[in-house]
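This report looks at charge pairs, at one helix and at the chain as a whole. Please keep the structure open while reading.

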Amino acid sequence: MTWEIAFVLFCISLMIGCLILEMERPEIIVFITVVIFLASGIISTGDAFKGFSNEGVLTIALFFIIAGGIQKSDLTNIFIHKMLNSHKSARKSLPKILIPISAMSAFLNNTPIVVTFTPIIRNWCEKNNISPSKFLIPLSYATILGGTITIIGTSTNLVVHGLLLDNNLPGFSFFQLGIVGIPITLLGILYITTIGFKLLPNHPVKNKDMMENSRKYFGELKVTEQFLFINQTIKDAKLRNLNGLYLIGIIRDQHMLTPVTSSTLIKAGDRLIFAGMISTIADLQNQKGLELVTESGSILEQIKNKKTKIVEAVVSQHSSLIHKKIRNTNFRGRYDAAVIAVHRKNERIESKIGDITLKPGDILLMITGDDFPKRDYSHDFYIVNSNNEFDILPSITRFKSWITLIILVSLIFFVSVGFLSMLKGAAVAVILLFFLKVITPKEAKDYIDFNVLLLIASSFGIGSALINSGTAEWIANGLLSIVNPLNGGIFVLIIIYLATNILTEIITNNAAAVMMFPIAMEVAVKTLVDPLALAVIVAIAASASFSTPIGYQTNMIVYSPGGYSFKDYLKVGIPLNLIVMTTTIIIVYFIWIL
């Protein structure tokens, strides 16, 4: 082992450890690792940043915009809503939901699908007294499975496609992955709706959960004429930076004023709404002119009348909020919303709201202002429930919705018949969406998740370091020393699949694919196995993350809304992992190896 190999292995091990411990956002950790390799001379400048010009990465950026155009339509929402209302039995409804959702995921980004349908399914479950925990993990799994059917089903497929092109190998055709993807999707849905359904937890339905539990999140004080700071600011009254409490709003003349700034004036008759450690509100009650309101009727009435909205959201893995204290994020000014509680691993964090350091997967319970829907929060957290009933609120006309769908279908057709490359087809589709004013350039910029692109592009530098230092070859030789005594090509597939799948469960799927690809190509050279066979194995194994909530973003999104524990994913996900692995390896072996 040379010093370069030892250095690369040390840095990658350190990177994986930092990712597991969530010491910083994933894209920052991976990018810093690339910079270290660049500074040490392991990779050149071109190698470090070649991911930013990779065809697969550029295609992913364009598909973010196309997916944004589809999201503005109401067609898919109407369809799923009708499917849900056609049955009130969980067992009958589940397959009728999962099949179309997995089909949608073959052509659309699965994250917005899960974000869109999580609140719809939760509301339907509450109305029909069905446990959401029986539906939300299946929702996530169905989108993951469906994403393996086409080249555009998930960003991982496009990344591996781009890596094949970079290595002067033919990339995937549009439906080529479907040779594996369709069988594993059908078998996966069969498992989820039978054995998996029985293994899923059956948590009690919490009807009107946010309404009924509001009292434990809010404390309310009425300002009387005796208060010493009438017509003075919140800052003058020293109602900021309180011990364990957070002033989120003022009810005045039956209207909620939020967010509250330091310069907001206090009026007699105001009702001050606090969130946080409500048990400490007695300290404020001792001030002359502040009276404790024992029944939080004012805030509850605001919620019932929808003058004030309560929203639940899941913090994204790529959020700019993670590893920051809430008070350092300018949350209220940035989103026109105030956090009233934070839940982590299904437990409420009993601490002063402003002092809570956010982590991926945290559930934020927020009270929002009128401007909240207009703010750009899609990259930082995902809305999974609100106190509003489900309403179909498309932001484009029905005509434009159909036009958007026709553009997507045309893109699929022209790419699948080979008339256009994936990148050219996506570029043409985006131009048409601009020309027809389905989306604006500003909206397009908002739809692109630059954090994800940075992570993927930086991962290419990690792959270059593995190749340049000889680490990929060294690891490939180590894997082959295990496989060779078994004398079978199928064991090569098994070990590459397992290595990729284990890696994707503990870091991100795209990073796992980029790291394993050069190792798989070295193994292909040494064993004379078709490189495309191992590329398929890497693509499928990198996406097939079912056993942990951290391996795939959609698993994290449904984690808290479904009331799941970590062991629920292990119990339901491990059998599905085995089904997908076995099916994938058998198909790849008979199609590409024999």
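## Salt bridges

Arginine 334 and aspartate 380 form a salt bridge in which the closest N and O atoms are 3.3 Å apart, where a salt bridge is a side-chain nitrogen of Lys or Arg within 4 Å of a carboxyl oxygen of Asp or Glu. This pair links distant parts of the chain, with arginine 334 in helix α16 and aspartate 380 in the loop between β9 and β10 (381-386), 46 residues apart. The model is a predicted one, in which local features need pLDDT of at least 70 and side-chain atom pairs count only at pLDDT 80 or more, whereas totals for chains, interfaces and linings use all residues. Residues are numbered from 1 along each chain as its sequence is written, and side-chain values use heavy atoms, with hydrogens and water left out.

Arginine 334 is partly exposed, with a relative accessible area of 33%, while aspartate 380 is buried at 6%; here buried means under 20% relative accessible area, exposed over 50%, and partly exposed in between (1.4 Å probe, protein chains only). Helices (H or I, at least four residues) and strands (E, at least two) are DSSP runs, numbered from the N terminus.

A search of the whole structure finds six salt bridges, among them the following.

| Pair | Closest N and O atoms |
|---|---|
| Glutamate 312 and arginine 122 | 3.3 Å |
| Aspartate 355 and arginine 327 | 2.7 Å |
| Arginine 334 and aspartate 380 | 3.3 Å |

In the salt bridge between glutamate 312 and arginine 122, distant parts of the chain are linked, as glutamate 312 lies in strand β6 (residues 309-315) and arginine 122 in helix α7 (residues 110-127), 190 residues apart. Glutamate 312 is buried, with a relative accessible area of 11%, and arginine 122 is buried as well, with a value of 7%.

Aspartate 355 and arginine 327 also form a salt bridge, and this pair joins the loop between β8 (347-348) and β9 (363-368), which holds aspartate 355, to the loop between β6 and α16 (331-335), which holds arginine 327, 28 residues apart. Aspartate 355 counts as partly exposed at 31% relative accessibility, and arginine 327 is partly exposed at 45%.

The 19 residues of helix α1 (residues 3-21) should span 27 Å at 1.5 Å a residue, which agrees with the 27 Å between its end C-alpha atoms; the expected span is 1.5 Å times one less than the number of residues. The buried residues of α1 are Ile5, Val8, Cys11, Ile12, Met15, Ile16 and Leu19. Seen down the axis of α1, these buried residues fall within an arc of 135 degrees, so they line one face of the helix, the arc being that of the directions from the helix axis to the C-beta atoms. The cover over the buried residues of α1 includes α2 (26-39), α20 (450-468), α21 (471-483), α22 (489-506) and α23 (509-527).

On the other side of α1, Trp3, Phe10 and Leu21 are exposed. Just after α1, glutamate 22 takes a positive phi of about 55 degrees.

## The chain as a whole

The protein chain has 26 helices and ten strands, and 57% of its 594 residues count as buried. Among contacts (heavy atoms within 4.5 Å) between residues at least 6 apart in sequence, 80% join residues at least 24 apart.
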